[in-house]
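Me: I'd like to walk through this one with you. Can we start with the terms, then go residue by residue?

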Amino acid sequence: MGESCADRRGHIIVCGLDDVGLRTVEQLHLAGVPVVVVEDDADPRLVRVVRGWGVPVVVGSPRLIETLGDAGLPGATAVICVLADDLHTIEAALLTRENRPDIRIVVQLRNPAVGRALSALSVSVLDVAGLSAPSLVEACLRTGAHELDLEGDRFVAVQTVADVGGPLRTRYGALAPLAVVGAEGRDIEVCPGRDHEVRPGDVVTLLGTPAELAEAGLGDATAAPESQRPGRLRQKWHLAQTVLTAVDRRLAYVLGALFLLLTSAVVVLRVGYRDPDGSRMTILDAAYFAVETIATVGFGDFYFREQASWLRGFAILLMVLGVLLATTFYALLTNTLVTIRLEEALGRRRLTQLAGHVVVVGLGSVGVRVVERLAGAGIDVVVVESDESNRYADQVRDAGVPVVFADATLPRTLDRVQLAQARAVAVLTSDDLVNLETGLAIRDQLGDRREDVPVVLRLFDRTLAATVERNFGLGLARSTAALAAPWFVGAALGLDVIATFYVSSQLMLVGRLTVAPGGGLDGLAMQDLSARTRVVAISRAAGNGRLEHPPRRDTRFAAGDRAYLIGPYEELLQVLRRDTLSPQSLPHESVR
């Protein structure tokens with residue numbers, strides 16, 4: 001049964017409880033934000049989970065004003081629509097806008113054209129696939145680098161392995177430390193102070209401008225590897241490999257026979273042919289006559305009526321063999337060219353000579369975004385998809401990416417896409433069980449290379465992801481819902497989310513917050529924020545928008561300042577809620 005929340009005030013309504021919806025509700029609940037769920041066809045298990053958190057669920061269609069009224073639309077501060085059907089999402093968003101012109105509305109839409117139309121109505125439109133793709137690509141390439149644009153200034157978060165022990169300040173100077181992962185890969189320290197002691201082998205994530213990174217000797221971390229840079233020479237080499245591989249072996253045999261026949265003809269004509277004056281045929285004349293005979297041109301330059309009988313017999317043999325071999329050569333050449341064209345049309349080009357490529361399994365909305373980003377970076381990609389009627393297949397093929405329709409769990413399929421030569425695999429179907437089964441099959445097929453080739457799994461259930469990482473050695477399980485949910489929460493609460501990315505197993509969020517006049521952050525010193533949150537830059541309201549980086553620890557926030565923060569999303573949401581409280585009501589937090 002549904003629950004009536006018509007008299008509630010200051011809460012957020014979440015329409016939809018699948019994937020992103022559940023994660024959004026979870027994050028709002030953990031941050032202490034009042035939330036009401038509206039769903040007319042939810043999984044009973046998910047409803048029990050949400051109600052177990054103490055979150056009310058209104059059972060009914062969010063496309064009906066009566067249902068939204070029961071959810072407390074008149075007193076809500078924001079509505080998040082993450083329904084499975086885009087059309088239903090549009091209907092709910094428009095209905096909400098008509099009845100509450102002043103409310104924040106955040107929707108999930110896959111159609112960019114419709115999204116632009118809704119944006120004109122002051123509706124925040126987000127696409128889960130587009131939000132999660134950068135993190136998935138980074139996990140595949142293992143670059144450890146994340147580019148950020150803060151007020152037009154370029155910053156890069158990079159990972160590096162500590163070569164010496166000691167305080168972070170001593171080795172990395174003014175670079176902002178975001179996390180330190182122990183050499184064993186288990187312990188993670190989020191947003192440590194610059195006096196934090198690191199040991200050789202620890203993985204350190206740092207943020208700075210390219211100039212600061214270069215000064216610290218980390219400039220190479222921001223550059224794409226040579227293998228990732230597209231170039232004309234590399235493209236031409238691939239084209240040559242494609243043609244050579246597609247050549248029918250019989251064509252080589254025929255070409256060899258033609259060359260042997262031509263050579264023999266030149267030798268015989270040079271030795272046996274006599275002009276009327278008794279002179280021998282030159283080598284050039286012999287080659288000319290042999291070619292025009294094989295090509296069936298016959299200009300009549302040379303006559304065999306007065307030649308020896310054996311030479312006339314050889315001329316007959318030359319004409320017959322020449323015609324047979326020439327026509328066979330033309331037929332096989334035509335067949336080869338047509339085969340190449342068909343393979344290009346079917347997306348199977350270059351499969352046999354792929355190396356250093358990424359295999360993407362699953363061509364849904366997330367998969368196609370990952371393929372686009374990889375191809376745009378100059379990385380060779382091959383796609384494995386089980387559905388031959390996939391809506392994105394033609395789009396990917398038009399971009400020159402091979403698509404193989406097959407079962408990715410079969411060794412024959414993995415051999416066909418050159419798994420042994422791949423640099424990474426991304427398993428991105430929408431089914432957790434299929435992804436897990438495929439990931440395990442790929443791990444077994446990789447054999448000794450399993451430690452060198454990252455296998456990135458898209459898993460919705462975070463508990464399952466943690467279990468997979470611990471027990472199956474697949475340490476790159478990524479939840480697209482977990483990556484995207486902070487964007488929806490931030491948009492609903494007024495936090496401008498800039499990026500989300502993983503540091504080891506910790507999801508990090510980069511957000512921009514405008515300090516509210518009289519709020520909990522107005523006049524607060526940055527050192528009094530949570531130790532797990534770092535202010536990496538601040539744009540002063542009184543400083544003509546100039547970006548201050550890095551800010552001093554004793555710097556105080558002022559109304560209108562735009563602060564750029566990095567940390568676990570739960571911590572940033574707490575900071576955001578803190579800004580809605582008065583400074584006197586805030587507990588003082590110690591700083592590590």
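This is a predicted model: local features need pLDDT of at least 70, side-chain atom pairs count only at pLDDT 80 or more; totals for chains, interfaces and linings use all residues.

Me: Good. With that cut-off, which residues does Asp-86 touch, not counting residues up to four places away in sequence?
Reply: Asp-86 touches Gln-108, Leu-109, Arg-110 and Asn-111.

Me: Which of its contacts is polar, side chain to side chain?
Reply: The one with Arg-110. The two side chains make a polar contact at 2.9 Å.

Me: Where does Asp-86 sit, and is it buried or exposed?
Reply: Asp-86 lies in helix α4, which covers residues 86-99. Asp-86 counts as buried because its relative accessibility is 19%, and the cut-off for buried is under 20%.

Me: Zoom out. How many helices and strands does the chain have?
Reply: The chain has 19 helices and 24 strands.

Me: And what share of the residues is buried?
Reply: Buried residues make up 49% of the 592 in the chain. The accessible surface comes to about 28200 Å². Carbon and sulfur atoms account for 54% of that surface.

Me: Now strands. Which ones pair with β13?
Reply: β8, residues 153-161, pairs with β13 in the antiparallel sense over six bridges. β10, residues 176-181, also pairs with β13 in the antiparallel sense, over five bridges.

Me: Which residues stand opposite each other there?
Reply: Ala-157 stands opposite Leu-207 in β13. Val-180 has Val-204 of β13 as its bridge partner.

Me: Is β13 mostly covered or mostly open?
Reply: Mostly covered. β13 spans residues 203-208, and five of its six residues are buried.

Me: What comes just after α1?
Reply: Gly-32, with a positive phi of about 80°.

Me: Why does Val-323 count as partly exposed?
Reply: Because its relative accessibility is 34%. Partly exposed is the range between the buried cut-off of 20% and the exposed cut-off of 50%.

Me: Which residues form the nonpolar patch on the surface?
Reply: Ile-316, Leu-317, Met-319, Val-320, Leu-321 and Leu-324. Together they have about 540 Å² of accessible area. One of them, Met-319, lies in α12. Met-319 is partly exposed, at 42% relative accessible area.

Me: Last one. Where is Ala-558?
Reply: Ala-558 lies in the loop between β23 (547-548) and β24 (562-568). Ala-558 is partly exposed, with a relative accessible area of 31%.

Me: And what is Ala-558 in contact with, beyond four places in sequence?
Reply: Val-515, Asp-522 and Arg-540. Separately, Ala-558 and Gly-519 are 39 residues apart in sequence and 9.6 Å apart in space, C-alpha to C-alpha.

Terms used. Residues are numbered from 1 along each chain as its sequence is written. Side-chain values use heavy atoms; hydrogens and water are left out. Buried means under 20% relative accessible area, exposed over 50%, partly exposed in between (1.4 Å probe, protein chains only). Patches are made of residues with over 30% relative accessible area and no salt bridge: like charges are joined within 9 Å, nonpolar side chains (Val, Leu, Ile, Met, Phe, Trp, Tyr) within 5 Å. Accessible areas come from the Shrake-Rupley method with a 1.4 Å probe; for residues, only the protein chains shown count as cover. A salt bridge is a side-chain nitrogen of Lys or Arg within 4 Å of a carboxyl oxygen of Asp or Glu. Helices (H or I, at least four residues) and strands (E, at least two) are DSSP runs, numbered from the N terminus. A polar contact is a pair of N or O atoms within 3.5 Å; within protein, one must be able to donate a hydrogen and the other to accept it, and residues adjacent in sequence count only if both atoms are side-chain atoms. Contact means heavy atoms within 4.5 Å. Two strands pair if DSSP finds at least two bridges between them.
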